[in-house]
Amino acid sequence: MALRLSALLGLLLSGWLLFQKATGSITYLVGCGAGSGCANVLGSRWSQWFLIPVSALSLLLYAALLFFTFKPRRFPMLAIGTCLAGAAVWFAIVQAFIIRSFCPWCLAAHLIGLTCAILIFRRQPGSPSAPAKPGVLGGLAATGILIIGQIAGPVPDTHEESNLVLGEPAPAAPAQRDSGPIHSRGEGRKATFLGNKQYNATALPHLGNADAPHVVVKYYDYACDSCRDLHEDLEALMQKHPGKFCVILLPCPINRACNPHVPQHLENHANSCELARLALACWRTDPASFPAVHHALFARPVLDLPKALEVVRPLMKKPLPPDALEDPWVAEVLAADAEDYKRVNITNSGQPNYLMPKLLVGGTRMLHGVTKSREILFKALEQEFKITSP
């Protein structure tokens, strides 16, 4: 009876986790701002086996185990028990050392699996004359196939595309602005995205030549590992296509201290506001030194403000003024970036997508999250801008 109840509980929990996946409440998208530990775990590549959610596999295991509690057979029950125990150990390792995030519901499912395994091995149901070894070996083989499939099998897409048409936000009050929205203000090369929203590639922080043939806009957070990954990918893209790209850089911290539009269920990224202000202040003071500063601010572990100042000051050819971080321009750009964060988080499906980074790649096209490989990003941008790969 204890085994039957445990199997039923595992069946129900696996069904609920599969429902979360099937309805899109949790996706495979990779980025910062997924929310809970469960979103991080259930949205990772380790939550699937050859693109099949592992919750579907566990659902089948618990259903089979429940069936065999009514018609005990030693081989299948020992195989299921071994597989449940092996999977629990494997996924505990994955959460602790690979994802470095824990899902309470997943841990509960693994605990149920271990409980079932213990009950099976204590009772060893079925015919006493049937050998136990084949069942154990069968369960170990199944666990091995699971692990190999997760390591070597296909990886689901980890980014999402959307097409958005937005106008410029309402202009700031006259006392807070010189002329027009901060992202398009001033003289210089203008690029239009999202319908009719303009970005001044000359005046805003950027990498590459502001007059390069192709412009993309990146919203990011210095405390976000996925944003750092995209930073490295874009650097590689610019090395592959020298002189072809200008990347406008707009820091958009996942921290309610400077971005009031971050949902309450998301955890604030420590130091992200301070690093964003410092980056904008460095650009404002010494644009020529900004590429080196931008790269340095992605250091890991995430820098606090005193350490970040210590790191960037030697990189700048012009000294940073004492009040640089209080520059009204810095505050206005950061506020505009936060406003955009609120407005661009709607995907084609109509569901919110708070993942960072976000990359505007042309017209109304936006990439949310990070592609599963650098080559996929390169191909997307080369096709968008009709660039021949060298």
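Predicted model: local features only at pLDDT ≥ 70, side-chain atom pairs only at ≥ 80, totals over all residues.
Beyond its neighbours within four places in sequence, Leu 381 is in contact with Val 216, Leu 234, Leu 237, Phe 245 and Val 361.

Leu 381 belongs to the largest nonpolar core, which has 74 residues. Together with Tyr 199, Ile 248, Leu 278, Leu 297 and Leu 320, Leu 381 touches the most other members. Helix H8 supplies the largest share of this core, 9 residues. Apart from this core lies another one, of 20 residues; Leu 17, Val 41, Leu 42 and Met 77 are among them.

Now select helix H8, residues 272-285, and helix H10, residues 305-312. Their axes come within 10 Å and cross at roughly 25°. Angles under 35 degrees count as roughly parallel, so H8 is roughly parallel to H10. The crossing of the two helices is right-handed. To see the contact, show Glu 274, Leu 275, Leu 278 and Cys 282 on H8, and Leu 305, Ala 308, Leu 309 and Val 312 on H10. By class, the contact of H8 with H10 has 7 nonpolar residues, 1 charged residue and no polar ones.

Stay on H8 and pick Ala 281, which lies in this helix. Is Ala 281 buried or exposed? With a relative accessible area of 1%, Ala 281 is buried, because buried means under 20%. Leaving aside neighbours within four places in sequence, Ala 281 is in contact with Leu 320, Ala 324, Leu 325 and Val 330.

Finally, draw a distance from the C-alpha atom of Ala 281 to that of Glu 326: the separation is 8.4 Å, with the two residues 45 residues apart along the chain.

How values were computed. Residues numbered from 1 in each chain as written. Heavy atoms only, no water. Axes fitted to C-alpha atoms, helices over the stretch in contact; angles between N-to-C directions. Helix = DSSP H or I, 4+ residues; strand = E, 2+ residues; numbered from the N terminus. Parallel < 35°, antiparallel > 145°, perpendicular 65-115°, else oblique. Left-handed = near helix turned anticlockwise from the far one by under 90°. Contact = heavy atoms within 4.5 Å. Nonpolar A, V, L, I, M, F, W, Y, C, P; charged D, E, K, R; others polar. Core = buried A, V, L, I, M, F, W, Y, C linked by side-chain atoms within 4.5 Å. Buried < 20%, exposed > 50% of the residue type's maximum accessible area, 1.4 Å probe, protein only.
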